[in-house]
Amino acid sequence: MNKTISISRYNPEQDSQPQLQTYQVVSEHSTSVLDALLQVQQQDPSLSLRWSCRMAICGSCGVMINGIPKLGCKTFVRDYPEQLVISPLAHFAVEKDLIVDMSPFLQHLSAVKPYLINAEKSLQPHKQTPAQLAKYQQFANCINCGLCYSACPQFGLNPEFIGPAAITLAQRYNLDSRDQGKAVRMPQLNSKNGVWACTFVGFCSEVCPKKVDPAAAVNQGKVASASDFIISMFTP
Amino acid sequence: MPDPKSASTAYKPVMSRHWWLQHRYFQLYMLREATVLPLLFFIICLLYGLFSLSQGEVQWQSWLTFMATPWVVLLNLLAFSASLYHAKTFFELFPRVMPLAPAALMIVAQWLATFIVAAGLILLLGGWL
């Protein structure tokens with residue numbers, strides 16, 4: 001079946017702003033949006049896009065599909081019988097066509113020190129019970145696709161906001177029984193661009209392709225931040 | 001901070017002031033936040049009532065008449081439905097922030113607690129008045 005799709009095109013050397021261009025693709029029952037984009041790239045090799053695994057693991061093919069952030073590989077053309085408009089992820093600077101500059105997102109990620117911080121220099125493995133694993137496991141499923149940042153109006157309004165994925169990752173390590181780095185991460189979460197910049201719009205959790213529920217993590221971070229503040233009042 | 005190499009050529013999208021009109025999810029979010037407006041009116045009514053009570057019977061009676069005015073009743077009905085909507089959203093979000101029990105159970109428990117407290121207050125105040 002032939003299907004018309006519109007793709008936002010932007011060539012930094014020629015255009016002052018992105019514009020929509022329409023293409024014809026052959027769509028079958030199993031054709032994903034990423035498949036459709038790759039078909040277009042066959043017709044017009046100048047189309048730029050990021051992709052890799054085609055199975056919702058690498059998190060690189062995030063685009064706006066009819067204005068909603070989604071992974072191209074996990075979205076099917078058949079679900080869009082009317083119009084299908086594909087544009088680059090919102091709230092990020094557009095480098096070319098569907099490629100955005102993810103560096104603000106990556107900087108926020110590294111700012112929360114998303115790795116195990118543990119002073120113990122032991123060669124023995126750190127044992128963890130299933131209950132200790134369950135505390136953070138859901139938040140560990142993030143694939144860093146950045147869809148939650150495109151869904152977040154607070155990040156759109158204030159790019160300094162650490163944002164859903166980074167705060168989720170901070171929570172993921174703070175809740176890990178093997179980690180001792182909470183004290184190093186809390187100043188970031190407590191800051192004005194930390195958890196308190198979130199107003200629980202909750203759209204980040206709606207669009208998350210891995211059901212991580214970043215909105216829950218951010219708002220659990222508010223509880224952690226508040227208790228951190230109260231404890232600090234009573235400790236010299 | 002954006003990558004300096006691309007900073008000059010990249011297109012920087014500007015967020016429209018009407019961003020919240022673009023999607024139903026955002027509209028419902030704004031509705032949730034806007035529930036504070038009719039509630040603010042109700043709180044002013046309540047404070048005015050307390051003040052009237054302290055000013056004696058004439059002022060109290062005039063407050064009662066004011067509260068029975070159609071537009072005041074209408075605004076307070078709006079405040080009531082807004083608070084119910086806000087409660088619904090709050091009760092759904094709370095189990096995600098404090099996952100103490102399965103979410104569905106917590107939502108039911110919160111509504112039950114609300115109805116029990118509300119019914120208790122109505123009975124208590126009804127008996128007292």
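This is a predicted model: local features need pLDDT of at least 70, side-chain atom pairs count only at pLDDT 80 or more; totals for chains, interfaces and linings use all residues.
Which residue in β4(A) does A:I65 stand opposite? The residue is A:I68.

**Sheet of chain A**
- An open sheet of 5 strands runs in the order β2-β1-β5-β3-β4 in chain A, with mixed pairing.
- The edge positions are held by β2 (19–26) and β4 (68–71) of chain A; each has a single partner strand, so one side of each is left without a neighbour in the sheet.
- On average, neighbouring strands of this sheet are turned by 35° against each other, direction ignored.
- Strand β3 (residues 62–65) of chain A pairs with β4(A) in the antiparallel sense, over 4 bridges.
- Helix α1 (residues 33–43) of chain A lies across β1 (2–9), β2, β3 and β5 (85–87) of that chain, and runs at about 100° to β2(A).

**Nonpolar core**
- The largest nonpolar core has 63 residues, and those touching the most other members are A:I86, A:C148, A:C152, A:A166, A:I167, A:L169 and A:C204.
- Helix α6 (residues 164–174) of chain A provides the largest share of this core, 6 residues.
- Domain 1 (2–100) and domain 2 (103–234) of chain A each contribute at least three residues to this core.
- Beyond its neighbours within four places in sequence, A:C152 contacts A:G163, A:P164, A:V201, A:F203 and A:C204.

**Contact between chains A and B**
- The contact involves 26 residues from chain A and 20 residues from chain B.
- On the chain B side, α2 (24–34) and α5 (70–97) each supply at least two residues.
- By class, that side of chain B comprises 13 nonpolar, 4 polar and 3 charged residues.

How values were computed
Residues are numbered from 1 along each chain as its sequence is written. Chains are lettered from A and ligands numbered from 1 in the order in which they are written. Two strands pair if DSSP finds at least two bridges between them. Axes are lines fitted to C-alpha atoms, for helices over the stretch in contact, and angles run from 0 to 180 degrees between N-to-C directions. Two residues are in contact if their C-beta atoms, placed from the backbone, lie within 7 Å. Ala, Val, Leu, Ile, Met, Phe, Trp, Tyr, Cys and Pro count as nonpolar, Asp, Glu, Lys and Arg as charged, and the others, Gly among them, as polar. A nonpolar core is a set of buried Ala, Val, Leu, Ile, Met, Phe, Trp, Tyr and Cys residues joined through C-beta atoms within 7 Å. A residue is buried if 20 or more other C-beta atoms lie within 10 Å of its own, exposed if 12 or fewer, and partly exposed in between; C-beta atoms are placed from the backbone. Domain bounds come from an automatic or database domain assignment.
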